[in-house]
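Trainee: Hi! Could you walk me through this one?
Mentor: Happy to, let's open it up.

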Amino acid sequence: RDQFRCLGMERVGNALSSSGRSKEALPVLEATLALIRRYWSDERDILRVRGNLASCFYNLQRFDEALALEREFYAKRVSMDGASAECNPARAGNLASTLRQLNKWVEAKTFLREQVAIATQAWGESHGITMKLNAHLRDTLHLDPAATRDDLLEAETIT
C-alpha cells in the first residue's frame, strides 16, 4: 500500500518536471528516492528515480549534478542489462546531451561513436535506436565549436 503511495509521489514529481515545473518536482523526487531507499531498497527502483532526478536537474540547468547521476545511472544499467538493452540507448542520448551542455565535446563524440557501434551491431543501421544515436552524434559533431574538417565531413555522412 505504501509502495503505491510512493509510486504516486514519483509520478507527481515526473508530471511536474515534464510540465516545466522542475523546481517543484525536485523535492518530490528527492523524497520519493529517500522513501524507496529506506523501505524497499530495490536497485532498479532506486536507479529509475535517480534517472528522473537527473532529468529534473537537467531541466533546472544544474548540468554538473545531472551529469554525475546520468553517468552513474548509465554505468549501473549497462552492468545490469548490457549495453545493447533497449532502455540504455535513450539514457546514452541523455548523457551525451548533458556532456554537450557542459562543453565536454571530445567525451561526447567518443561516447556517441561507441554507442552507435553498439547499436549498429545489436540492431542494424536502419533501426530507430541506431538512427537516433546517429542523430545525436551528427548534432554533436556540428555543434562542437572546435569541430575539425574531418568532424564536419563525418557529420555529413551520417544519415
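**A serine and a helix**

Trainee: Where is Ser22 found?
Mentor: Ser22 is found in helix H2, residues 22-39; helices here are DSSP runs of H or I of at least four residues, numbered from the N terminus as strands (E, at least two) are. This is a predicted model, so local features need pLDDT of at least 70 and side-chain atom pairs count only at pLDDT 80 or more, while totals for chains, interfaces and linings use all residues. Residues are numbered from 1 along each chain as its sequence is written, and side-chain values use heavy atoms, leaving out hydrogens and water.

Trainee: Is Ser22 buried or exposed?
Mentor: Ser22 is buried, with a relative accessible area of 5%. Buried means under 20%, exposed over 50%, and partly exposed in between, with a 1.4 Å probe and protein chains only.

Trainee: And what does Ser22 touch?
Mentor: Leaving aside residues up to four places away in sequence, Ser22 touches Leu16, Ser17, Cys56, Asn59 and Leu60; contact means heavy atoms within 4.5 Å.

Trainee: Switching to H6, which residues are buried there?
Mentor: Trp105, Ala108, Lys109, Phe111, Leu112, Gln115, Val116 and Ala119 are buried in H6. Seen down the axis of H6, the buried residues fall within an arc of 165 degrees, so they line one face of the helix; the arc is that of the directions from the helix axis to the C-beta atoms.

Trainee: What's on the other side of H6?
Mentor: Val106 and Gln121 are exposed there.

Trainee: And what covers the buried residues of H6?
Mentor: The cover includes helices H4 (63-81), H5 (88-101), H7 (128-143) and H8 (149-157).
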